[in-house]
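Subject: Structure for you to look at

Hello,

I am passing on the structure below, with notes on what was found in it. Please read them with the model open beside you.

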Amino acid sequence: MSFSKAFSPALREIRILCSQTGAASAGTRQFITSKYPAIKQHNPDLPVLIREASGTPARVFARFEMGVEKHVELDNLSAKDVESKVAALLGS
């Protein structure tokens, strides 16, 4: 999935959790830095919440219509692996 297009209207919210300084969250932080602008450019009304807290395991949650929520773990992944995991989650 490319982050240069609008997501499905069924997607209601994306929440990204990670540690500000932890090595396990490095790929997630790099993903946020590189892909967040494109996501917001093509989905300006979609809430994309980024929550950073020391020691928090890296993961992303997607909330869809009718309250369906899914998540994937992102600890110790490279930015490219994070991108593919997030794409798979948002495409489901």
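Asn 76 counts as exposed, because its relative accessibility is 64% and exposed means over 50%. Asn 76 sits in the loop between β4 and α2. Its phi is positive, at about 60°, although Asn 76 is not a glycine. Please keep in mind that this is a predicted model.

Met 66 is another residue to look at. Its phi is also positive, at about 65°, and Met 66 is not a glycine either. Met 66 belongs to the loop between β3 and β4 (69–73). With a relative accessible area of 80%, Met 66 is exposed.

Next, helix α1. This helix covers residues 26–42, which makes 17 residues. From first C-alpha to last, α1 reaches 25 Å, close to the 24 Å expected at 1.5 Å a residue. Even so, α1 has a kink of about 45° at Lys 35, shortly before the proline Pro 37.

Which residues of α1 are buried? They are Gly 27, Thr 28, Phe 31, Ile 32 and Ile 39. In general, an α-helix has 3.6 residues a turn, so residues three or four places apart point the same way. The cover over the buried residues of α1 includes β1 (11–18), β2 (48–52) and α2 (79–91).

The strands β1 and β2 run parallel and are joined by five bridges. Within this pairing, Arg 15 stands opposite Leu 49 in β2. Together with α1, β1 and β2 make a β-α-β unit, and this unit is right-handed.

Then the core. The largest nonpolar core has 22 residues, and those touching the most other members are Phe 3, Phe 7, Leu 11, Ile 14, Phe 31, Val 60 and Leu 90. At least two residues of this core come from each of β1, α1, β3 (59–64) and α2. The element that gives the most to this core is α2, with five residues. As a general point, nonpolar side chains in soluble globular proteins tend to be buried together.

What does Val 60 contact, leaving aside its neighbours within four places in sequence? The contacts are Ile 14, Arg 15, Ile 16, Lys 70, His 71, Val 72, Leu 74, Val 86 and Leu 89. Among these, Arg 15 is the residue that stands opposite Leu 49 in β2.

Regards

Notes: Residues are numbered from 1 along each chain as its sequence is written. This is a predicted model: local features need pLDDT of at least 70, side-chain atom pairs count only at pLDDT 80 or more; totals for chains, interfaces and linings use all residues. Side-chain values use heavy atoms; hydrogens and water are left out. Helices (H or I, at least four residues) and strands (E, at least two) are DSSP runs, numbered from the N terminus. The expected span of a helix is 1.5 Å times one less than its number of residues. The bend at a residue is the angle between axes fitted to the seven residues ending there and the seven starting there. Buried means under 20% relative accessible area, exposed over 50%, partly exposed in between (1.4 Å probe, protein chains only). Contact means heavy atoms within 4.5 Å. A nonpolar core is a set of buried Ala, Val, Leu, Ile, Met, Phe, Trp, Tyr and Cys residues joined through side-chain atoms within 4.5 Å. Two strands pair if DSSP finds at least two bridges between them. A crossover is right-handed if, with the strands pointing away from the viewer, the path from the first strand over the helix to the second runs clockwise.
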